[in-house]
Structures are given as C-alpha cells and as structure tokens.
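Hello,

Here is the structure I wanted to hand over. Please open it first, then read the notes below.

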Amino acid sequence: MSADLDITALLLADGATIVEWPADDLGGHALAYAAAGWAVIPLRGKIPHTTHGVKDATTGLAQVAAWWKRWPTANIGGRVPDGVVVIDIDPRNGGD
C-alpha cells in the first residue's frame, strides 16, 4: 500500500479482489486505512451508518467495500488504536 493511498486492487482474505477502486474515492481511502490496520466505519456527517457505531469499526476489507458500495458518499470514521492519542483543535471555537 503506497503512502498516497493509491488503490488499484486489494486481495481479500477469501481471494476475491476489489479491482480499480478509485484512489480519490472515499471508499478507496477507507479501504486503504483498513488495509493499513485502522478500523473504519461509514458516517453520515458525524453519525455512524451502522447499528453499533464505533463498535462496528473493522479492518475487514470485504465489509469496508460493502459499506462504501452501499453508502458511496459516507464520511470515514475510525476507532483510535491503542497507544494513539488524538487531539482535536477547533479554530472556530478559539483553538490555536
């Protein structure tokens, strides 16, 4: 997987392939994050499309592909891995 998230094909655990998923497509980016080991989930705005929210986040490429085929314009959410700290700075509310 290249650093620029260039997706042309990914081999799934069952041997199926996702052929030429566009790298500039949200689904392509979601697949790249999942392939890199980041559990992702589809969002509409900030709200999960799935029933259990962040608990449904996965690195399973087949599931990620199915989600973005169903919701191609979904934002990409993710579960923060153990040992990673996220800092959200919001300039609109005084954050520098």
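What share of the contacts in the protein with a separation of 6 or more is accounted for by residues 24 or more positions apart? The figure is 52%. Contact here means heavy atoms within 4.5 Å.

Some ground rules. This is a predicted model, in which local features need pLDDT of at least 70 and side-chain atom pairs count only at pLDDT 80 or more, while totals for chains, interfaces and linings use all residues. Residues are numbered from 1 along each chain as its sequence is written, and side-chain values use heavy atoms, with hydrogens and water left out.

**Overall layout**

The protein has two helices and five strands. Along the sequence they follow the pattern β-β-α-β-β-α-β. Helices (H or I, at least four residues) and strands (E, at least two) are DSSP runs, numbered from the N terminus. Of the 96 residues, 30% count as buried. Buried means under 20% relative accessible area, exposed over 50%, and partly exposed in between (1.4 Å probe, protein chains only). The protein exposes about 6,400 Å². Carbon and sulfur atoms supply 53% of that area. Accessible areas come from the Shrake-Rupley method with a 1.4 Å probe; for residues, only the protein chains shown count as cover.

**The sheet**

Three strands form an open sheet, in the order β4-β3-β5, with antiparallel pairing. β4 and β5 stand at the edges with a single partner strand each, so one side of each has no neighbour in the sheet. Two strands pair if DSSP finds at least two bridges between them.

β3 covers residues 40-44, and four of its five residues are buried. Its pairing with β5 (residues 75-78) is antiparallel and runs over four bridges. In β5, Gly-77 is the bridge partner of Ile-41. β3 is also joined to β4 (residues 47-48), by two bridges. There, Arg-44 stands opposite Ile-47. β3 and β4 form a hairpin with two residues between them. Gly-45, in the turn, has a positive phi of about 70°.

Pro-42 lies in β3. It counts as buried, at 0% relative accessibility. Leaving aside neighbours within four places in sequence, Pro-42 is in contact with residues including Ile-47, His-49, Trp-67, Trp-71 and Asn-75. Pro-42 and Asn-75 are 33 residues apart along the chain, yet their C-alpha atoms are separated by 5.8 Å.

Gly-77 is in β5. At 10% relative accessibility, Gly-77 counts as buried too. With neighbours within four places again left aside, Gly-77 is in contact with Ala-39, Val-40, Ile-41 and Leu-43. Its C-alpha atom is 9.6 Å from that of Gly-45, 32 residues away along the chain.

**The helices**

α1 lies across β3 and β5, running at about 15° to β5. α2 packs on the sheet and touches β3 and β5. The direction of α2 makes about 15° with that of β3. Axes are lines fitted to C-alpha atoms, for helices over the stretch in contact, and angles run from 0 to 180 degrees between N-to-C directions.

Which residues of α2 are buried? They are Leu-61, Val-64, Ala-65, Trp-67 and Trp-68. They cover an arc of only 160° around the axis, which puts them on the same side of α2. The arc is that of the directions from the helix axis to the C-beta atoms. The face turned away from this buried side carries the exposed residues Lys-69 and Arg-70.

**The core**

The largest nonpolar core has 11 residues, among them Ala-30, Leu-31, Val-40, Trp-71 and Ala-74. α1 (26-35) and α2 (61-70) each supply at least two residues of this core. α2 gives the most, with five. A nonpolar core is a set of buried Ala, Val, Leu, Ile, Met, Phe, Trp, Tyr and Cys residues joined through side-chain atoms within 4.5 Å. In soluble globular proteins, nonpolar side chains tend to be buried together.

Ala-34 is also one of the core residues. Not counting residues up to four places away in sequence, Ala-34 touches Val-40, Thr-58, Thr-59, Leu-61 and Val-64.

Best regards
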